[in-house]
Amino acid sequence: MADPIHIAVSCDREYAMPLAAMLASLTARADPGRPLVIHALGYDLPTAIWNNLTSSLDDRRVQWHRIDVDVSELLARGFRTRPHDHVSIVTYFRLLLPELLPPTVEKVLYLDSDLIVREDISALWDTDIAAVDFAAAPERDAAAQASSRRGIRFYRDLGLKPQQAIFNVGVLLINLRRWRQSQLALRAFVYLRCLGHELRWYEQDALNVVANGSYLELDPRWNVPPREAGRGSHASAAIVHYLTAHKPWHWDYSWPQRELFFEALDRTAWAGWRPLRPRLGRPKRLIRKVSKAVLKRRHALSSAWRSLGRDVSYRLLAPQPLQSGHRALSERRGGRGGTEIRLFLAVPCVNVALGRVLEAYGHAGVDRAVVLDRSGTGNPAQLLPAPRIPLHLFGCGEAPPELGLRRLLDRYGERHWCVLGDGSRLIVDEGGSPIALREYCARLDLEGVDVAEAVTGPGQPIELIGRDLRSGRVFRSTALARCPAQAYDPPVFGSRAVLLRYRKTMLLDAGAVLVGNARRSIRFLWFNPPPPPPDSASTV
């Protein structure tokens, strides 16, 4: 017997009937000698609906694998859909396939519920994708390029070519082994976390960006809109995809290929069902269109308001000095023969541990320290030993500390070598020895390097999407990250920028984890706790 074809599908109760029609069309044309394994990812499916689904495919070739997906964590992480869109949270399920399917499954064909299969899918299944993460068919809209109205927002910042074609995610032939290795789902969810409320097509946008053209393009006949099926070059469409909000099971559907859907539906438990025109159907349809238009405008205004709020909150943020400070803080020149090396820290409070860190950084070559005290009550008298370098304490009230620290960097860090430190640890070299920062920075200057990173733990280099706190610009860069258990959880970064010649045009995220338009250092630093006080060995 031939190897089975693994099919992945997803639906909620609203799309259960269309899913049954799709699977009925698939099995009717499938090779009788090929077993089919249906991995059904369901959300909020009552038992009666599930029984109708399984009974619709009374075929010995078909093996069902039911997976009930708990969406509570997805919702808690902020992954939702807009109320005016025709998609639900189920749209994210395809990104979870590497986690939800058994690890023994290394290849799967994902099919949307709103399509009809017109040919045996064996030829599609047998497509060689050993060297890519997945294969997908291009969007059939002639304007579906990165720079088009239906394309990718921020495509310039992300380095995408304006003419880059957009693929549709309704039909995906996925190499699960490579997908798991490349952390494609994690990268997509990071992108969605960063820009989800501003994207046009959710996970389709995310996959187009993180894949960045490195996928196999399928023959377009495997994903054809109904208005093109049966016409010209698409006379032999293998899959018809009803990919807009206008569906053939709606009473007012007026596009072609409606009969294909009902022909398949009549082979399911929903045989004979037809939509009834509701009373006052046309006025209700008009009201629905107007309501959707209003919701879209409201969403656009909300997005613009959020963007304006981000910009205003940053510009109005003014960290307040907690002490008189030193007059030379605003000067760009000073220190020992040139630009100062300045330490920037955000700490929960001022204590003895911070005093030891400042002392060690002073010995390492830091000329001046700028500390953001989140408690807002810091006093240099609390530091033991007293710092040997000029210290400037600031508070930022209720503002996020990462925003306050970035503001201090903009005001007092530009053109200096800046150490983005840690209130309880020191940056050291590979052997664990303190770094002579002045010599180290001089060497980076000679090499034309702007940034050095510190490793905080194990991880793997992953290209991720970030967004600058100050400007709102989007950027991509590689960071060392520890991958979370679930792709939609935020990754734990194993590296972050700690030493950089700061410019306001640099794109830094909250923890200076990702660096945008700055050349990265090829070297990594490490973190160590500060040395203990001299009398700690004699303390019992």
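**Surface, salt bridges and sheet pairing in a predicted model**

A nonpolar surface patch of about 470 Å² is made by W305, L308, V312 and L316. Patches consist of residues with over 30% relative accessible area and no salt bridge, where like charges are joined within 9 Å and nonpolar side chains (Val, Leu, Ile, Met, Phe, Trp, Tyr) within 5 Å. The structure is a predicted model, in which local features need pLDDT of at least 70 and side-chain atom pairs count only at pLDDT 80 or more, while totals for chains, interfaces and linings use all residues. Residues are numbered from 1 along each chain as its sequence is written, and side-chain values use heavy atoms, with hydrogens and water left out.

L308 belongs to helix α10; helices (H or I, at least four residues) and strands (E, at least two) are DSSP runs numbered from the N terminus. With 45% relative accessibility, L308 is partly exposed, a class that lies between buried (under 20% relative accessible area) and exposed (over 50%), as computed with a 1.4 Å probe on protein chains only. R297 is also placed in helix α10, which spans residues 281-316. R297 has a relative accessible area of 65% and is therefore exposed. Between R297 and R274 the C-alpha to C-alpha distance is 34 Å, at a separation of 23 residues in sequence.

Side chains of opposite charge can pair when their charged atoms come close. R13 is partly exposed at 45%, and D44 is partly exposed at 46% relative accessible area.

A salt bridge is also formed by D126 and R34, at 3.7 Å from N to O. D126 is in the loop between α5 (122-125) and β6 (134-138), and R34 in the loop between α1 and β2, so the bridge ties together parts 92 residues apart in sequence. R34 counts as buried because its relative accessibility is 11%. In the salt bridge between D422 and R425, the closest N and O atoms are 3.2 Å apart. D422 is buried at 15% relative accessibility, whereas R425 is partly exposed at 27%. Salt bridges with shared partners join R94, D112 and E203 into one network.

S113 occupies the loop between β4 (107-111) and β5 (115-117). Its relative accessible area is 6%, and S113 is therefore buried. The side chain of S113 reaches the backbone oxygen of S10 at 3.0 Å. Residues up to four places away in sequence aside, S113 touches S10, C11, Y15, P18, L19 and M22, where contact means heavy atoms within 4.5 Å.

Three strands, in the order β19-β20-β21, form an open sheet with antiparallel pairing. Its edge strands, β19 (460-467) and β21 (492-493), each pair on one side only. Two strands pair if DSSP finds at least two bridges between them. Eight bridges join β19 to the antiparallel strand β20 (residues 474-482). The bridge partner of G466 in β20 is F475.

Terms used
A salt bridge is a side-chain nitrogen of Lys or Arg within 4 Å of a carboxyl oxygen of Asp or Glu. A polar contact is a pair of N or O atoms within 3.5 Å; within protein, one must be able to donate a hydrogen and the other to accept it, and residues adjacent in sequence count only if both atoms are side-chain atoms. Accessible areas come from the Shrake-Rupley method with a 1.4 Å probe; for residues, only the protein chains shown count as cover.
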